[in-house]
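The following explanation concerns the charged side chains of the structure shown below. Please keep the sequence at hand while reading.

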Amino acid sequence: MTDKSPEQLDRLRRRAAFLREREEARALRDRIAPRRARARQLREAMRWATYHH
């Protein structure tokens, strides 16, 4: 593995924290509004089926 500068390590740490918080926020929204969550999942599935075959 290549050595990373302190700036790169800090950026990676902040990005990991951001992604973790975003995932927690999405999970909370999904618990609060399950119907909206199902609709979002269907839209994502259709988008995936449309563009990723």
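**Charged residues and their pairing**

A network of salt bridges links Arg26, Asp30, Arg40 and Glu44; a salt bridge is a side-chain nitrogen of Lys or Arg within 4 Å of a carboxyl oxygen of Asp or Glu. The model is predicted, with local features needing pLDDT of at least 70 and side-chain atom pairs pLDDT 80 or more, while totals for chains, interfaces and linings use all residues. Residues are numbered from 1 along each chain as its sequence is written, and side-chain values use heavy atoms, leaving out hydrogens and water.

Arg40 and Glu44 are four residues apart in helix α2, so about one helical turn separates them.

Arg40 is buried, with a relative accessible area of 15%, whereas Glu44 is partly exposed at 32% (buried means under 20% relative accessible area, exposed over 50%, partly exposed in between, with a 1.4 Å probe and protein chains only).

Elsewhere, Asp10 forms a salt bridge with Arg14, with the closest N and O atoms 3.2 Å apart. Asp10 is partly exposed at 34% relative accessibility, and Arg14 is exposed at 53%. The whole structure holds four salt bridges.

Terms used
Helix = DSSP H or I, 4+ residues; strand = E, 2+ residues; numbered from the N terminus.
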